[in-house]
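Please open the model in the viewer and keep the selection panel at hand. The stops below follow one another.

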Amino acid sequence: MSPIFKCLICRKDIERSTKTFWIKKGHLLCSTCLDNIDKDKKNLDDIKVKI
């Protein structure tokens, strides 16, 4: 069983490996927050293409 950490943005409990924690230097995000960031990046890319 992996340890429980808090998402850096929404503070939701997430289960990640200790190795991932150290690789990310403690900056862990839940899948929902990661999806939102990816969606925002895609929207910005779409806006840049239209300009």
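A residue is called buried when its relative accessible area is under 20%, exposed when that value is over 50%, and partly exposed in between. The model on screen is predicted.

First, select Ile-37. This residue belongs to helix H2, which covers residues 31-50. Its relative accessibility is 31%, and Ile-37 is therefore partly exposed.

Display its surroundings: apart from neighbours within four places in sequence, Cys-33 contacts Cys-7, Ile-9 and Cys-10. For a sense of distance, select Lys-48 as well; the C-alpha atoms of Cys-33 and Lys-48 lie 23 Å apart, with a separation of 15 residues in sequence.

Then select Cys-7. Its relative accessibility is 0%, so Cys-7 counts as buried. How far is its sulfur from the closest cysteine sulfur? That closest sulfur belongs to Cys-33 and is 3.7 Å away, which is too far for a bond, because a disulfide requires two cysteine sulfur atoms within 2.5 Å. Cys-33 likewise takes part in no disulfide: the cysteine sulfur nearest to its own is that of Cys-30, at 3.6 Å. Under this criterion, the number of disulfides is zero.

Conventions. Residues are numbered from 1 along each chain as its sequence is written. This is a predicted model: local features need pLDDT of at least 70, side-chain atom pairs count only at pLDDT 80 or more; totals for chains, interfaces and linings use all residues. Side-chain values use heavy atoms; hydrogens and water are left out. Helices (H or I, at least four residues) and strands (E, at least two) are DSSP runs, numbered from the N terminus. Buried means under 20% relative accessible area, exposed over 50%, partly exposed in between (1.4 Å probe, protein chains only). Contact means heavy atoms within 4.5 Å.
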